[in-house]
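Welcome! Please take a moment to look over the sequence and the 3D structure before reading on.

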Amino acid sequence: MIGCEIAFQLSLAAYIVTRPQREPAVRTSWFLVVLVAPLIGGIIYLIFGNLRLPKKKRHRYENIRETMKQRASEGSWCPDGAGDPCQRVERGIRLAESLGSLPARAGNRLELFDETPRAVARLVEDIEGASRSVHLLAYIYLDDNSGTAVGEALMRAAGRGVRCRVLLDQVGSYLFLKSDLRERMEAKGVEVAEAVPVYTAGLRHPFERFDHRNHRKLAVIDGVVGWTGSLNVADPEFRIKAKFAPWVDVAMRFEGPAVYDLQGLFIENWLADTDSDEVDELWTPQPEPLPGGKPLQIMGTGPHLPLLSLRMMAVYGFGDARQELVITTPYFMPDHSTMTSLIAAVRSGVRVVLIVPARNDSKLVHLASRSLYEPFLEAGGEIYEYTKGLLHSKTVVIDRRIAVISTANLDRRSFELNFELQAHIFCPEETERVRAIQERYLQEAVPVRLDEWHARPRHTEWAQNAVGLMAPLL
């Protein structure tokens, strides 16, 4: 019996070593789990330890991506040898294009929304004006005031003959997917599908991670208007976690050629999760550049790709900062390389500002993230804790010349497990608008001072450090 147990441990250890995309810290953590509890730890690893999608799903995505490449529109804002201001950001654009297969495109008109009611009202207005198609993808959809308003607009659009497709993460939107609102929407002709399903007919797929989630948030109306950002289809009161409300988000509405790329990300997920082959019906022509429009680059990432694209972009972007780097994120649990790049930026003389919520809806994340405060503060970084709700906005501004509006958190889950997307803005005027939103967050936040942090209760420090040890597995 003991020999069988040792053989099982050795076999599992060998399996862990051969898995792709694993850092030493993560491998070591799984080794410890398996050594402490071989049987239970082994089962947990088989369910939670594999970063990549199952082979069948990966092949499905690979086939879809080949189709997408054939449909992709040529053209990049930054051709080789381009001059200022393009030259200053050309390397980052090339990196994002090589990782996400989408170029930067000129001629886009942008609008930013940092108030949920305004954003939802504008989205509803766009849906009311739709004449051909509405594509909506969200992690969380609640049947509250916002969800009902969007749902009713979709039903009216479907009644006019508009093809409305809604793709929702099966776990994040679990309550909505069982709701009367979904039934009413489908009865009126709105197509609702479940993203990254782990349950079929009430049964979970064996040994398949249920936390490979689709965390993207986007909407595309008639192929000419695009939406993305941190905003789910939900009221800021966020009734499923009301004690942390209001949820504070940012959304971006844009028109122009980059909408074509956002549409491509929706189509990628729709085809993979519905087994549909309606490629021609899903695509619309790429919009023409708008006079006076701005450069914008859309980038999609996920566990279907072989590279940890978001980590590469984060490390590159943080290292590219020269004067100032300001980041907002609700969940701060970066891997070692990303944390090192932040500290290196601080020590090289860059002002690095991190804005996070004072209260977090995940107790473990709250503790683990604070285990990273001390080295960052000691290096000279600035941390501010937002006090007026749960800061859910995910933004980065680099030297007031590049802005990123993202669906991704600064944590391993977004880097390794989730389908995410982000928009890279290369325009001083629009970047300043993002920076102004960050500045409003700072006005409603309190600084974390190093001397006060050192004086925190010893039991709090122990709890933070203890949970921090589990960070590679969270």
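## Around Leu325

Leaving aside residues up to four places away in sequence, Leu325 touches Phe318, Leu342, Val350, Arg351, Val352, Val353, Val396, Val397 and Ile398. Keep in mind as you explore that this is a predicted model. Leu325 belongs to strand β12, which covers residues 324-328.

One of those partners is Val350. Leu325 and Val350 are separated by 25 residues in sequence, while their C-alpha atoms are 7.0 Å apart in space. Is Leu325 buried or exposed? Its relative accessible area is 0%, and buried means under 20%, so Leu325 counts as buried.

## Helices α6 and α7

Next, have a look at a pair of helices. A packed pair is described by the angle between the two axes and the distance between them. For helix α6 (residues 116-128) and helix α7 (residues 145-159), the axes come within 9 Å and cross at roughly 10°. Angles under 35 degrees count as roughly parallel, and α6 and α7 are therefore roughly parallel to each other.

Which residues meet here? From α6 come Val120, Leu123, Val124, Ile127 and Glu128, and from α7 come Ser146, Ala149, Val150, Ala153, Leu154, Arg156 and Ala157. The residues of this contact comprise nine nonpolar, one polar and two charged.

## Helix α10

Helix α10 runs over residues 258-274. With 17 residues at 1.5 Å a residue, α10 should span 24 Å, and this agrees with the 25 Å between its end C-alpha atoms.

In α10, 16 of the 17 residues are buried, so the helix is largely enclosed by the rest of the structure. Just after α10 comes Asp275, with a positive phi of about 60°.

How values were computed
Residues are numbered from 1 along each chain as its sequence is written. This is a predicted model: local features need pLDDT of at least 70, side-chain atom pairs count only at pLDDT 80 or more; totals for chains, interfaces and linings use all residues. Side-chain values use heavy atoms; hydrogens and water are left out. Axes are lines fitted to C-alpha atoms, for helices over the stretch in contact, and angles run from 0 to 180 degrees between N-to-C directions. Helices (H or I, at least four residues) and strands (E, at least two) are DSSP runs, numbered from the N terminus. Angles under 35 degrees count as roughly parallel, over 145 as roughly antiparallel, 65 to 115 as roughly perpendicular and the rest as oblique. Contact means heavy atoms within 4.5 Å. Ala, Val, Leu, Ile, Met, Phe, Trp, Tyr, Cys and Pro count as nonpolar, Asp, Glu, Lys and Arg as charged, and the others, Gly among them, as polar. The expected span of a helix is 1.5 Å times one less than its number of residues. Buried means under 20% relative accessible area, exposed over 50%, partly exposed in between (1.4 Å probe, protein chains only).
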